[in-house]
Amino acid sequence: MSETTTPALTAPDFPSPLAEFWHGFSRNRGATVALGFMLLLFVAALFAPWIAPHNPIEQYRDALLVPPAWTTDGSWRFILGTDELGRDILSRLIHGARISLWIGVVSVLCSMIPGVVLGLLAAFYPDRLGTVIMRLMDIMMALPSLLLAVAIVAVLGPGLANTMLAIAIVALPSYVRLTRASAMTELTRDYVVASRLAGAGTLRLMFSTVLPNCMAPIIVQATLGFSSAILDAAALGFLGLGAQPPLPEWGTMLAAARDYIERAWWVVTMPGLTILLTVLALNLMGDGLRDALDPRLKQHD
Amino acid sequence: MLLDIKNLSVTFGSGRDPFRAVSGVDLQVAAGEIVGIVGESGSGKSVTMLAAMGLIDAPGRVTADHLSFAGRDLLSMKPREKRAIVGAEISMIFQDAQSSLNPAYTVGAQLMETLAEHQNLKGAAARARALELLEQVEIPDARSRLAAYPHQLSGGMSQRVMIAMAIACNPKLLIADEPTTALDVTVQAQIMELLVSLQRSHDMALILITHDLAVVAEVAHRVAVMYAGEIVETAPVPQVFATPRHPYTQALLASIPEHSKGASRLNTLPGVVPGRYDRPSGCLLVPRCPYAEDACSRAHPELVLVGDAQARCIKPLDDQGRPQP
Amino acid sequence: MIQFLLKRIGVVIPTFLGITVLAFALIHMIPGDPVLVMLGERNIDPAYYREAMHRMGLDLPLWQQYVNYLGRLLHGDLGTSLITQTPVMDEFLTLFPATLELSIAAMVFAVVFGLAAGIVAAVKRGTAVDHTVMGAALTGYSMPIFWWGLILIMVVSVHLGWTPVSGRLDIEFDIPPVTGLMLVDTLLSGDSGAFASALEHLILPAIVLGTIPLAVVARMTRSAMLEVLREDYIRTARAKGLSRTRVILKHALRNALMPVVTVIGLQVGTMLAGAVLTETIFSWPGIGKWLIDAISRRDYPVVQGGILLVASMIILVNLLVDLLYGVINPRIRHAR
């Protein structure tokens with residue numbers, strides 16, 4: 001039903017896809033705030049050495065377990081306080097953002113690119129290759145992501161690089177399944193048939209005809225994958241299987257803080273709160289992206 | 001009067017931009033009477049009856065000057081008292097019977113639920129009564145159907161189950177909302193026949209909501225024609241077909257194949273029912289009415305008495321179907 | 001129903017075989033010599049090395065090693081722990097009840113509160129209640145549970161002193177293990193103090209482990225309820241004169257449960273992964289902690305067997321969920 005009855009017959013004004021997307025996305029207040037938070041975090045990570053008030057691994061022996069600035073014993077020298085070795089928590093968190101976001105970016109790229117390629121292959125050759133790929137993915141999905149990551153790190157040994165690799169492997173099946181499912185739907189559409197009749201080769205068909213039309217759910221998945229990458233990396237760090245001290249990784253910081261539960265709440269609270277806010281922001285953004293990019297995926301609300 | 005509705009309105013949406021789905025409906029139904037409510041989809045006929053039963057949820061709002069059933073005021077009644085009437089003394093069946101039955105429960109369980117709720121019948125007694133009801137609605141092999149799930153029934157069979165549920169407590173009024181629309185033509189006739197015979201044997205009033213005047217012509221005593229949320233004409237059945245008083249009724253009749261024999265093509269009204277944003281200020285039919293004149297746009301017409309009928313038109317049609325001079 | 005069952009099992013078997021290949025390959029993928037890996041020793045006598053290699057069948061071709069491995073699996077032989085020298089299977093069976101108890105408690109917590117929150121949010125859709133519940137659910141969904149556990153210990157155990165910090169039971173109680181489930185065993189022993197102690201120990205870990213599943217269940221319940229509440233049969237139920245509560249709980253919830261049960265099933269995997277973290281935080285003696293300890297001690301037979309067992313558990317639970325789904329949904333049960 002038309003909402004306006006204006007008779008003016010001007011040429012319809014089609015907004016650019018980007019403008020249209022932004023219109024949909026910005027209506028979601030939570031997602032916009034989350035985007036702002038993430039931008040801030042990225043800037044902080046990028047310029048960490050200039051922004052952070054202290055060197056993240058410098059130990060101020062005269063200032064062990066100093067509470068945050070706003071408490072009675074706090075000092076504005078260490079805004080969020082210091083840890084058991086006298087390191088500035090705020091500086092460690094800012095530098096930790098570098099590590100966490102780096103893990104997120106690398107592992108998302110390392111699982112999305114092969115995942116999309118495998119998914120497209122599975123959709124284009126559904127008989128043999130597709131079956132083999134999907135069976136493999138089923139097996140990988142049989143183990144919960146963190147457990148599989150733990151198993152992989154158990155084999156490869158702990159460390160930052162292996163953490164990223166493990167998280168990338170764990171996330172692979174979701175991209176494969178998603179890409180395959182949307183590519184299969186697109187393959188039945190007339191425009192693909194038309195393109196095929198026009199003589200487009202398989203590679204061209206895969207990457208320039210079908211793939212662009214599957215991007216919306218993949219982008220949403222990448223955002224959510226980013227959040228679970230950060231969460232899993234922190235969990236591995238917490239278990240002592242991820243980034244190793246003295247790297248200021250958020251999960252690793254928490255692992256060290258466990259012993260100070262009884263006397264230094266800020267050492268425990270700050271890194272976890274940062275993880276929670278980051279993951280929450282990414283999930284909010286994922287919801288917003290899903291609603292803005294793909295109305296078909298929209299949840300009822 | 002069994003059912004007495006005066007000035008009933010239903011509004012959806014809120015704030016500055018509400019939408020009136022039904023406005024100012026008056027309707028009286030006597031015991032044992034069959035009343036047809038006819039109109040296009042979106043004319044408010046289902047909403048009117050749902051409102052009468054108290055099934056309109058917020059944000060929908062129902063207002064009326066008077067709404068009573070068998071002498072009891074439904075407006076001031078507590079929800080609990082109202083629920084005792086709804087489903088027992090007034091019951092309702094719907095257009096799509098298959099989706100109106102809960103897929104998770106057997107036919108028997110859904111029938112017995114009504115019996116337990118209103119007649120406190122449980123266990124073997126309820127089962128026996130449920131079986132009896134299924135037999136009354138002429139379901140073959142009724143005993144085994146008790147254990148069947150809705151997805152195992154055909155559309156016609158589902159509608160029979162719905163009817164069995166509706167008559168379970170011997171209602172005084174049965175509201176049938178497009179009961180045959182979703183069914184095959186042959187099944188349609190059977191269901192209508194069943195409804196009418198049950199109406200007689202149970203001596204209940206029947207409100208038949210339909211978009212099909214032909215259905216009403218065969219069974220109803222009286223007809224109310226609705227257009228854009230309003231009743232535009234009410235009249236006893238023979239008169240409506242012989243001498244429609246409202247141009248809209250006339251147009252509806254002209255669109256029935258049997259009534260326009262000889263015409264080379266069916267007559268249809270141009271245009272569509274006015275929606276939320278293009279409601280005329282005067283008579284709602286003005287944009288589509290072949291007889292419209294300037295006076296029609298000036299004021300919203302009231303229902304006026306024309307012989308046995310009432311029509312919402314400033315110049316009701318005469319016996320020859322022409323606007324009065 | 002039988003056909004449905006067979007079909008599901010047919011899908012499960014290849015997945016299970018795949019898991020065995022993965023577990024088998026694990027030992028060979030670890031950098032270093034598999035014999036040394038499995039013995040957990042260095043600088044050993046060459047004769048002993050050859051003997052061990054032969055004894056473990058590591059001198060055979062790979063495919064034959066795999067067949068032998070499968071054969072041993074069929075006999076329930078998952079190898080022996082390098083540290084404790086007890087069979088992996090025995091260790092698993094001893095520790096599993098602790099994880100099972102924790103998981104059941106967490107699942108009960110998640111399902112009860114998740115369903116309730118989801119139903120309330122759906123019924124009060126668009127109101128402040130709905131927004132609050134969904135905001136909380138998204139926060140719970142984003143929760144780093146290892147931190148959540150620490151915060152709860154800090155506030156509830158340390159600061160308020162309401163619950164113990166770790167373990168399953170106060171040391172003053174000595175309860176003979178019957179079922180391995182501490183709540184049941186303490187109840188059987190008739191010692192109400194021990195039962196209370198077991199309950200106190202269980203509450204925090206169960207809340208921590210149940211947080212993410214709770215959020216997922218709440219979100220799923222809400223969207224499924226919203227969908228179902230629009231259905232025609234809800235109108236029918238109301239036209240029967242049933243009360244609102246009855247319409248929601250009996251007619252709507254029953255149909256909304258189908259997608260929710262699937263999601264609950266999928267949460268079992270998440271939960272076993274979460275158990276690794278939760279058990280580590282609360283020193284809960286279950287298989288999660290067992291696995292992490294084994295990894296840090298390089299006890300590879302335990303790692304290999306543990307991962308295989310956990311994966312099997314998850315496959316089994318998902319199969320059960322599929323069957324349960326068939327029970328609630330008559331359409332699937334009757335499908336040919």
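**Terms and the values behind them**

Mentor: In chain B, 62% of the contacts with a separation of 6 or more join residues 24 or more positions apart. Two residues are in contact if their C-beta atoms, placed from the backbone, lie within 7 Å. This is a predicted model, in which local features need pLDDT of at least 70 and side-chain atom pairs count only at pLDDT 80 or more, while totals for chains, interfaces and linings use all residues. Residues are numbered from 1 along each chain as its sequence is written, and chains are lettered from A and ligands numbered from 1 in the order in which they are written.

Trainee: Why does the radius of gyration of chain B agree with a compact globule?

Mentor: The radius is taken over C-alpha atoms, and the globule rule is 2.2 Å times the number of residues to the power 0.38. For 325 residues a compact globule would be near 20 Å, and chain B has 21 Å, so the two agree. The C-alpha trace of chain B spans about 70 × 50 × 35 Å along its principal axes.

Trainee: What share of the residues in chain B is buried?

Mentor: A residue is buried if 20 or more other C-beta atoms lie within 10 Å of its own, exposed if 12 or fewer, and partly exposed in between, with C-beta atoms placed from the backbone. By that criterion, 45% of the 325 residues in chain B are buried.

Trainee: How many helices and strands does chain B have?

Mentor: Helices (H or I, at least four residues) and strands (E, at least two) are DSSP runs, numbered from the N terminus. Chain B has twelve helices and 13 strands.

Trainee: Which residues of chain A and chain C are counted at their contact, and which element of chain A gives the largest share?

Mentor: The contact joins 36 residues of chain A to 40 residues of chain C. On the chain A side, α11(A) provides the largest share, ten residues. That side comprises 24 nonpolar, eight polar and four charged residues. Ala, Val, Leu, Ile, Met, Phe, Trp, Tyr, Cys and Pro count as nonpolar, Asp, Glu, Lys and Arg as charged, and the others, Gly among them, as polar.

Trainee: Which element of chain C gives the most to the side that touches chain B?

Mentor: Here 17 residues of chain C meet 23 residues of chain B. On the chain C side, α10(C) gives the most, with seven residues. By class, the chain C side has five nonpolar, five polar and seven charged residues.
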